[in-house]
Amino acid sequence: KDKDAAGDTALHCALKQDVAAQELIHILCSACPDVCSVADSAGSLPLHTVLSAGSEETRTAALVQQVLRAFPDGCKQKNDAGDLPVHLAIKHRAPLDSTQAILDAYPEGVKDKDAAGDTALHCALKQEPVSHELIHILCSACPDAPKEIDQQGDNAVHYALKHHPKSAELIEKLVTACPEGVKDKDAAGDTALHCALKQHGAAQELVRSLCSACPDVCSVADA
């Protein structure tokens, strides 16, 4: 558990290696399980580190689960930058099964916001390209997450319509997960349907999909 001059425990040091041996991580966790509850100088627990540092080989679901077992509450703690482990998993493009391990432990984390006011779902929508599979597992873990708004007042459906207007499949995934989010208004007072209709060349199928998911949206006026 002792820290070096940089504020890292031995476990942090091991996890920051490009090729961290799983056996070594197991030895460190087994020798001192409490080390998984110790944050580094940036407020990052080993769980934060395993999801954001090193290579794909060091961010495996097996390692994530191992660290989680030693300190289950780690999935609920933010580092000094305001990120939960699930935020880091998305921002650093951790393998999907590693992200799923975090979601299994703390599904409500999908709705929590980072320092920029983004939920995990917003973080995923800001990735280029957007992973539809990631969006699916986030919505499955926390179905009402698409209703949460960011600092600009956009829920996930609003954000997708404004930034990915031609991705009908993506938008339909979000609408299917949380149909009532279609009626919610953004900061400008627009519902998702208003946003879709204001897009240049709004796809007729998309408009039909929004109306079918939430027929009441047609009775809602904008600002």
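Helices here are DSSP runs of H or I with at least four residues, and strands are runs of E with at least two, both numbered from the N terminus. By that definition the protein, which is a predicted model, contains twelve helices and zero strands. Of its 223 residues, 50% are buried, and the C-alpha trace spans about 60 × 25 × 25 Å along the principal axes.

**Overall fold and surface**
- Read from the N terminus on, the order of elements is α-α-α-α-α-α-α-α-α-α-α-α.
- When contacts between residues at least 6 apart in sequence are considered, 68% of them join residues at least 24 apart.
- The accessible surface comes to about 10,200 Å², and carbon and sulfur atoms account for 51% of that area.

**Nonpolar core**
- In soluble globular proteins, nonpolar side chains tend to be buried together.
- The largest nonpolar core in this model comprises 59 residues, and those with the most contacts inside it are Leu 47, Ile 135, Leu 138 and Leu 174.
- Beyond residues up to four places away in sequence, Leu 174 touches Leu 121, Leu 125, Ile 135, Cys 139, Pro 146, Ala 156, Val 157 and Ala 160.

- Ala 213 belongs to helix 12, which covers residues 204-213.
- Because its relative accessible area is 31%, which falls between the limits of 20% and 50%, Ala 213 counts as partly exposed.
- Setting aside neighbours within four places in sequence, Ala 213 is in contact with Val 175 and Pro 179.
- Ala 213 and Glu 172 are separated by 41 residues in sequence, while their C-alpha atoms are 9.2 Å apart in space.

Terms used:
Residues numbered from 1 in each chain as written. Predicted model: local features only at pLDDT ≥ 70, side-chain atom pairs only at ≥ 80, totals over all residues. Heavy atoms only, no water. Core = buried A, V, L, I, M, F, W, Y, C linked by side-chain atoms within 4.5 Å. Buried < 20%, exposed > 50% of the residue type's maximum accessible area, 1.4 Å probe, protein only. Contact = heavy atoms within 4.5 Å. Areas by Shrake-Rupley, 256 points an atom, 1.4 Å probe, with all protein chains shown as cover.
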